Amino acid sequence: MIRFVLPMLAVFAVGAAIAAAPNAARTALLDGYAAQAKAQSPSFAGFSAERGRALYLGPHGGGKPETNACAACHTPDPTAQGRHQRTGRSIEPMAVSANPKRFTDPVEVEKRFDRDCPNVLGRACTAQEKGDFITYLAGQ
């Protein structure tokens, strides 16, 4: 019996470590944005899921009219699969609950913010906006 229990415990331990890894990567990313936000604004008091929700849903002026919100491509329901406005290509859900690897690769996250913020807002996103956005979607 012990011969079967020990391997099962090992499998569960490895599974728990794998599940925790994306959360640790996301936390590290948010910690980096928090440090940047504090440097940009000494009054920074933390990220807000509500501000992140408003950023996600829009609408915003300044960017492209057809993409005046993240939800224009990603849908108002962040747990749903989106569709690229121009190409029609499918986009994985933004919500962490539907896509646990979302916001875990800092290079990929920055690449997307660098491309999408100017399209949606007409400018680069601030560190606070990035953190608010991730905070909202991590809770969805």
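# Pocket, disulfide and aromatic cluster in a predicted model

Thr75 is partly exposed, with a relative accessible area of 22%, where partly exposed covers the range between buried, under 20% relative accessible area, and exposed, over 50%, computed with a 1.4 Å probe on protein chains only. The structure is a predicted model, in which local features need pLDDT of at least 70 and side-chain atom pairs count only at pLDDT 80 or more, while totals for chains, interfaces and linings use all residues. Residues are numbered from 1 along each chain as its sequence is written, and side-chain values use heavy atoms, with hydrogens and water left out.

**Backbone features**

- Thr75 has a positive phi of about 75° although it is not a glycine, and its place is in the loop between α3 and β1 (82–83); helices (H or I, at least four residues) and strands (E, at least two) are DSSP runs numbered from the N terminus.
- Phe103 likewise has a positive phi, near 65°, in a residue other than glycine, and Phe103 lies in the loop between β2 and α4.
- The peptide bond that leads from Gly58 to Pro59 is cis, with omega near 0°, and Pro59 is placed in the loop between α2 and α3.
- Asn99 is located in the loop between β2 and α4 and counts as buried at 14% relative accessibility.
- When residues up to four places away in sequence are not counted, Asn99 touches Glu92 and Pro93, a contact being heavy atoms within 4.5 Å.

**The largest pocket**

- The largest pocket holds about 890 Å³ of space, a volume being the space filled by probe spheres set on grid points that are joined across faces, edges and corners.
- On a 1 Å grid over the protein atoms alone, a pocket is an open set of points with protein on both sides within 12 Å along at least five of seven lines, in contrast to a cavity, where a 1.4 Å probe fits but cannot get out; lining residues have an atom within 4 Å of a point.
- The lining of the largest pocket consists of 34 residues, and those nearest its centre are His74, Ile91, Arg112, Arg115 and Asp116.
- At least two lining residues come from each of α3 (71–74), β2 (90–91) and α4 (106–121), and α4 gives the most, with ten residues.
- Sorted by class, the lining has 14 nonpolar, eight polar and twelve charged residues, with Ala, Val, Leu, Ile, Met, Phe, Trp, Tyr, Cys and Pro taken as nonpolar, Asp, Glu, Lys and Arg as charged, and the others, Gly among them, as polar.

**Cysteines**

- The count comes to one disulfide, a disulfide being a pair of cysteine sulfur atoms within 2.5 Å.
- This disulfide is formed by Cys117 and Cys125, whose sulfur atoms are 1.9 Å apart, and because the torsion about the S-S bond is about -95°, the disulfide is left-handed.
- Both Cys117 and Cys125 are buried.
- Cys70 is in no disulfide, since the nearest cysteine sulfur, that of Cys117, is 7.2 Å away; Cys70 is buried, with a relative accessible area of 14%.
- The sulfur of Cys73 is too far for a bond, at 9.0 Å from the closest cysteine sulfur, in Cys70, and Cys73 is buried, with a relative accessible area of 13%.

**Aromatic pairs and cluster**

- Six aromatic pairs are found in a search of the whole structure, where rings of Phe, Tyr and Trp (its six-membered ring) pair if their centres lie within 6.5 Å, and planes under 30 degrees apart count as stacked, over 60 as edge-to-face and the rest as tilted.
- The rings of Tyr56 and Tyr136 form a tilted pair, because their centres are 5.9 Å apart and their planes lie at 45°.
- Tyr56 lies in helix α2 (residues 49–57) and Tyr136 in helix α5 (residues 127–138), so this pair ties together parts that are 80 residues apart in sequence.
- Tyr56 is buried at 0% relative accessibility, and Tyr136 is buried with a relative accessible area of 7%.
- Phe103 lies in the loop between β2 and α4 and Phe133 in helix α5, so the pair ties together parts that are 30 residues apart in sequence.
- Phe103 counts as buried at 7% relative accessibility, as does Phe133 at 5%.
- One aromatic cluster is formed by Tyr33, Tyr56, Phe103, Phe113, Phe133 and Tyr136.
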